[in-house]
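Morning, everyone. Let me put the structure up, and then we will walk through it.

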Amino acid sequence: MKIAITGKGGVGKTTFAATLARLYAEDGRKVLAADVDPDANLGLALGFDEETLDSIVPISRMRKLVEERTGAGPDNQFYRVNPKVDDIPDTYGKVCNGVKLLVLGTVETGGGGCVCPEHVMLKRIINNMVLHRDDVVILDMEAGLEHLGRGTTESMEQFIVVIEPGARSVQTYKNVKRLAEDLGVKQVRVVANKVRGPEDEAFIQEKIPPEDLLGMIHYNTDVMDADRQGKSPFDFSQDVVKEIQAIKEKIDHQ
């Protein structure tokens, strides 16, 4: 199972990604959760303490490692496009609540077609995780669509777009689906978050094709409490966990 989770900023994709990862870990599966968001907070949502997270340097910022693996450097304009990366998750990943976290970071660039060494490293790591590991791999992607433009996630089996009940979120889903198809990703599914009641449910059901809708997560203040305390929502709200468990079962039976 290789899943990229995306969506606009603030829709709750990290809460969903972390809870889904912990549910797979509870099943006894090997789970690798990769944070590909420059505003990395997947670790907190998984239950890591802040001291541990403060010690983690994103792979994209490990300049010495990038130069070592790609052969890039101040005096070398050429570099390897297939660097060795298969050891990266086990060497630099950290485990909490049965989930191995790898903080990849992102390439900070003004253009969508970056072919810099850092981008090559991230792309190779993601491809290796998808193609050559037997873990459940869950990617918490950066907000927006830049990663699709860079082609970093074209090997994923499916995208899950987390949306809110609103026209802008629905538009994001449509854009992701269009771009994902260009990359050969055939499965683009939707999870509706922060659903407040029957009106929101009806809106989602009207706007999202039933075959694409994995399920809904209802608005829950326990998730906000967890966020304020820097804790995992998995440990705060059994209602949300049950709703995501139902979504996970639907993913598993696709």
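Start with glutamate 118, which is found in helix 6 (residues 117–132). Helices here are DSSP runs of H or I with at least four residues, strands are runs of E with at least two, and both are numbered from the N terminus. A word on the source: this is a predicted model, where local features need pLDDT of at least 70, side-chain atom pairs count only at pLDDT 80 or more, and totals for chains, interfaces and linings use all residues. Residues are numbered from 1 along each chain as its sequence is written, and side-chain values use heavy atoms, with hydrogens and water left out.

Is glutamate 118 buried or exposed? Glutamate 118 is buried, at a relative accessible area of 15%. Buried means under 20% relative accessible area, exposed over 50%, and partly exposed in between, with a 1.4 Å probe and protein chains only. What does its side chain touch? The side chain of glutamate 118 makes a polar contact with the side chain of arginine 63, at 3.3 Å. A polar contact is a pair of N or O atoms within 3.5 Å; within protein, one must be able to donate a hydrogen and the other to accept it, and residues adjacent in sequence count only if both atoms are side-chain atoms.

Next, strand 1, residues 2–6. Of its 5 residues, 5 are buried. Lys2, Ala4 and Thr6 point one way, Ile3 and Ile5 the other. Strand 1 runs parallel to strand 5 (residues 136–141), joined by 4 bridges. Strand 6 (residues 158–163) also runs parallel to strand 1, again with 4 bridges. Two strands pair if DSSP finds at least two bridges between them.

Now helix 1. Helix 1 has 14 residues and reaches 20 Å from first C-alpha to last, close to the 20 Å expected at 1.5 Å a residue. That expected span is 1.5 Å times one less than the number of residues. Glycine 28 follows helix 1, with a positive phi near 90 degrees.

Two residues deserve a look for their backbone. Most residues other than glycine have a negative phi. Asparagine 97 has a positive phi of about 55 degrees. Asparagine 97 sits in the loop between strand 3 (94–96) and strand 4 (99–103). Lysine 194 has a positive phi too, near 60 degrees, and is found in strand 7. Lysine 194 is partly exposed, at 30% relative accessible area.

Strand 7 runs parallel to strand 8, with 4 bridges between them. Valine 191 has glycine 215 as its bridge partner in strand 8.

Last, the largest pocket. Which residues lie nearest its centre? Gly12, Thr14, Thr15, Val223 and Asp227 do, among 28 lining residues. A pocket is an open set of points on a 1 Å grid over the protein atoms alone, where a 1.4 Å probe fits, with protein on both sides within 12 Å along at least five of seven lines; lining residues have an atom within 4 Å of a point. Elements giving two or more lining residues include helix 1, strand 7 and strand 8. Helix 10 gives the largest share, 4 residues.
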